[in-house]
Every structure is written in C-alpha cells, then in structure tokens.
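Let's take a walk through this one, starting with the fold of a chain and then moving on to how the copies meet.

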There are 2 protein chains.
Amino acid sequence: MTTGAKAIVLLSGGLDSATVLAIASRDFACHAISFNYSQRHCSELQAASRLAQIAGASQQIIQLDEGVMTGSALTDATIEVPETGPGEGIPVTYVPARNTVFLAHALAVAEVQGSSDIFIGVNAVDYSGYPDCRPDYIAAFEHMARLATKAGVEGGKLKIHAPLINMSKAEIISTGIQLGVDYALTVSCYQADSQGRACGLCDSCRLRRNGFAAASVPDPTVYRQPQI
Amino acid sequence: MTTGAKAIVLLSGGLDSATVLAIASRDFACHAISFNYSQRHCSELQAASRLAQIAGASQQIIQLDEGVMTGSALTDATIEVPETGPGEGIPVTYVPARNTVFLAHALAVAEVQGSSDIFIGVNAVDYSGYPDCRPDYIAAFEHMARLATKAGVEGGKLKIHAPLINMSKAEIISTGIQLGVDYALTVSCYQADSQGRACGLCDSCRLRRNGFAAASVPDPTVYRQPQI
C-alpha cells in the first residue's frame with residue numbers, strides 16, 4: 001500500500017528503471033517521466049509506456065531539443081556503438097549532461113505536481129563508467145535542487161532516491177523478480193531495433209546478460225541473432 | 001580581444017542577460033542559448049536574436065517541452081501577471097526549476113562544444129525573489145556540474161559565471177552602457193506584446209524602470225501606454 005504521496009520516477013524503459021519503478025511503487029503513487037532525446041534506441045520509449053501502464057503509473061514523455069545532447073554514439077548515427085566490450089575511461093555512448101538534463105526536468109515536474117521525491121535508476125557498480133551515475137553526483141544534485149526550488153525555500157525536503165546505486169546488476173534483477181517485474185518487457189540495448197530486439201554485443205547488453213547469469217535467472221531478452 | 005576560448009551565455013533577451021553577453025564578450029567567443037518554453041513574453045526571443053547578432057555571438061534557440069514548466073503566470077495564460085508591485089514571498093511569476101533546466105542544457109551544450117565557461121544573468125539584489133537566483137544556488141549548481149560531466153572527471157574546471165549576482169539594477173545598467181549595450185533592443189516585460197512593447201506595471205518592468213532612474217540613464221523602453 002502506498003502512502004498516497006506522489007513520486008516522480010525517471011523511466012527509460014530499461015532494466016534498471018523498471019526495477020526502480022517497482023521499488024518506488026511500494027511506497028508512492030508514481031508519475032513516470034521518459035525522454036525522447038533522439039536516442040538511437042527509441043524503442044525503449046514503447047517499453048517505458050508498457051511498464052508504466054502495468055505498474056499503474058501515470059506517464060509523460062518529454063520531448064528534448066535534438067540539437068543539445070549531441071556527439072554521443074547514442075544520439076549521432078555516424079558514431080558507432082562499440083561491440084567489443086567495455087574499454088578504458090568514459091565510453092562514446094556517454095551522452096553529455098544527460099542525467100542532469102533529465103533530473104532538472106524531473107525537478108520541474110515534481111515542483112508542479114507537489115512531489116518531494118524523485119527516483120532515478122543510476123548504478124555505480126555494474127555500469128558503463130558514466131560520471132553522472134556516481135553517488136557524489138546524486139548527492140550534489142539533491143543539494144542543488146533543495147536550493148533551487150520554491151518548495152526547498154519553504155522548508156520542503158526534496159529527495160533524490162537512487163535505490164540501485166550500490167547494487168550489482170544481479171542484485172537489481174533479483175530485487176525486481178521479487179517485486180514482479182517482467183524483464184521481457186524492458187529494452188536495455190543501445191541499438192535495439194524498432195521492435196526492441198537487442199544486439200547482444202553493446203556494453204549495455206553485456207552488463208544485462210551477465211546480470212541474469214549471475215542472478216541465476218533465465219535471460220528473457222529477445223535478441224536479433226542467436227547468442228553464443 | 002578575446003582569448004579565443006568559448007563561453008556559453010544564457011541569453012533571454014532581457015536587460016540582465018544582454019549585459020552579461022557584453023561582459024562575457026570581453027574575454028570569450030560567445031555562443032548564446034535562448035529557450036522557447038511557451039513563455040507569455042516570447043517576443044524576448046526576437047530580442048535575444050538581435051542582441052546575439054550585434055554582439056557577434058552565435059545563437060541557438062532551444063525548444064523545451066511545453067508540458068514541463070507549467071503552473072506559472074509566465075507559462076499559463078489563466079494566471080494573471082501581478083501589476084500592483086512586488087508582494088511577500090515567491091511570486092506567481094516564478095517558473096518551476098527554470099534556471100536548473102536552463103543551466104542543465106547549457107552544461108550539455110558546453111560539454112559538446114568543449115567550453116568550460118557558462119554565463120548566467122542572475123541577480124540577488126534587485127530581483128523578484130526567485131530561489132534559483134541566489135549565490136548559494138549557483139555555487140551548488142557549479143559543484144554538481146563538475147561531478148556530472150566527462151570534462152569534470154578528466155580534470156576540467158567548469159565555471160558558472162554570474163557577474164551580476166551582487167549588483168543593483170542601476171549598477172547593471174551603468175556597466176552595460178559602458179560596454180555599449182543598446183537597451184532599447186532588450187525586452188524585460190513579463191507580458192510584452194508581440195512587438196516587444198512593455199506593460200510598465202509588472203515586477204520586471206518596475207525593477208527595470210527604477211534601475212534606469214537610479215542610474216540616471218534615460219529609459220529607452222517602448223511602453224504600450226504612456227508611463228506616469
């Protein structure tokens with residue numbers, strides 16, 4: 001049973017955010033927000049809508065200007081998504097300031113809807129090396145957000161919840177399974193096709209597949225070709 | 001003469017941001033960004049384009065989703081802009097998380113363009129009581145931004161410049177006049193008409209008019225009706 005309080009949940013349609021939505025739904029009435037940022041894998045948005053509907057959450061798809069978060073393999077068709085496994089440093093799939101832009105919108109939506117709780121599925125263990133997935137970053141955003149808003153000035157305690165931040169991918173999957181998440185509906189692949197079928201080769205596919213194996217859960221992902 | 005380094009300048013088209021563009025242009029090659037957020041006073045965007053052109057800055061108008069920063073007198077035609085002077089507390093012209101959304105986009109643009117310098121015309125003296133105009137807020141955003149980005153991780157020192165933050169409106173105007181800003185081109189009014197003509201009654205018009213008087217500078221604003 002929820003308390004009736006409303007939470008804003010960033011829902012990409014992938015494995016992590018689907019799990020976060022399930023976690024948030026235990027305690028809150030959830031409003032999911034998803035972003036169309038001209039991402040290569042826009043079939044994740046269809047997955048997000050299905051996941052929100054099944055969870056009983058309202059959903060809003062926010063259109064971002066396509067001229068802003070450019071220069072990434074996820075937003076520029078001329079930059080190839082790496083298929084040979086994670087390398088050193090920050091990968092070319094990093095999208096400039098993505099979580100900051102997403103959380104800024106979530107903050108506006110939270111303020112309009114009178115919510116003090118924002119959920120995001122960042123994870124600092126089995127992740128792709130993105131700077132805006134680290135605990136220090138989330139804490140800094142929360143501090144800034146409390147100063148930024150009318151609610152903060154009036155004594156409200158806006159909270160950024162990142163319940164997955166210290167979990168392994170296997171722990172995330174085990175948690176989601178317990179909460180009834182249907183991972184067959186989620187799309188994690190950076191280059192999923194229009195039907196949401198995964199490549200099995202990009203970093204996101206590798207992390208996901210390894211997570212199912214480590215959690216001893218059958219992988220429900222639909223791949224475009226047979227996996228070795 | 002500029003150093004050739006690039007700065008991203010938030011340019012609304014109003015008096016403050018026009019002054020900031022002039023200040024930033026002394027040291028940087030400027031890229032101005034302006035936002036269409038379904039604001040009532042969208043003629044400010046035409047002003048912004050003229051100001052950028054005259055300053056020799058490139059400009060990008062970023063389209064925001066109209067379903068996000070709602071519930072303000074500036075974005076909701078059913079909420080009237082107050083015309084009787086500033087009241088207590090945060091006014092109805094406050095736009096939820098506006099500067100956070102703007103700065104988040106600026107951060108993405110800065111990262112894509114390889115810039116470490118973002119300029120914003122916030123002001124904590126003669127201002128409208130908005131929480132996201134205070135020095136603490138700007139410092140917190142800068143701290144967060146350094147953690148958020150690839151440039152920050154790699155040792156870059158992203159800086160949020162807020163050169164007006166401790167200046168009175170009269171000081172801002174005097175500074176701009178010295179730098180050659182043509183304030184006749186700027187639009188500050190919250191309910192400027194399609195030709196950029198000001199109401200003379202909203203908080204923004206009052207702050208602006210008082211600023212010209214205090215600076216002993218003739219007010220070049222074009223009003224819709226004669227001012228008393």
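In what order do the 5 strands of the chain A sheet line up? Keep in mind that this is a predicted model. The order is β3-β2-β1-β4-β5 in chain A, and the sheet is open with parallel pairing. β3 (58-63) and β5 (159-161) of chain A sit at the edges with a single partner strand each, so one side of each has no neighbour in the sheet. On average, neighbouring strands are turned by 25° against each other, direction ignored.

Now for one end of that sheet. Strand β4 (residues 117-119) of chain A runs parallel to β5(A) and is joined to β5(A) by 3 bridges. A:Ile118 has A:Ile160 in β5(A) as its bridge partner. Helix α1 (residues 15-25) of chain A packs on the sheet, where it touches β1 (6-10), β2 (29-36) and β4 of chain A. The direction of α1 makes about 170° with that of β1(A).

On to the pair of chains. Chain A superposes on chain B by a rotation of 180° with 0.0 Å of shift along the axis, at an RMSD of 0.0 Å. That's the relation of a two-fold axis. The copies meet through the same surface, because 100% of the interface residues of chain A are also interface residues in chain B.

How many residues of chain A are in contact with chain B? There are 38, and they meet 38 residues of chain B. Elements that each supply at least two residues to this side of chain A are β3, α3 (98-113), α4 (135-148) and α5 (150-153). α3(A) gives the most, with 10 residues. By class, that side of chain A looks like this:

| Class | Side of chain A that touches chain B |
|---|---|
| Nonpolar | 21 residues |
| Polar | 11 residues |

Key. Residues are numbered from 1 along each chain as its sequence is written. Chains are lettered from A and ligands numbered from 1 in the order in which they are written. This is a predicted model: local features need pLDDT of at least 70, side-chain atom pairs count only at pLDDT 80 or more; totals for chains, interfaces and linings use all residues. Two strands pair if DSSP finds at least two bridges between them. Helices (H or I, at least four residues) and strands (E, at least two) are DSSP runs, numbered from the N terminus. Axes are lines fitted to C-alpha atoms, for helices over the stretch in contact, and angles run from 0 to 180 degrees between N-to-C directions. Two residues are in contact if their C-beta atoms, placed from the backbone, lie within 7 Å. Copies are superposed by least squares on the C-alpha atoms of residues with pLDDT of at least 70 in both. Ala, Val, Leu, Ile, Met, Phe, Trp, Tyr, Cys and Pro count as nonpolar, Asp, Glu, Lys and Arg as charged, and the others, Gly among them, as polar.
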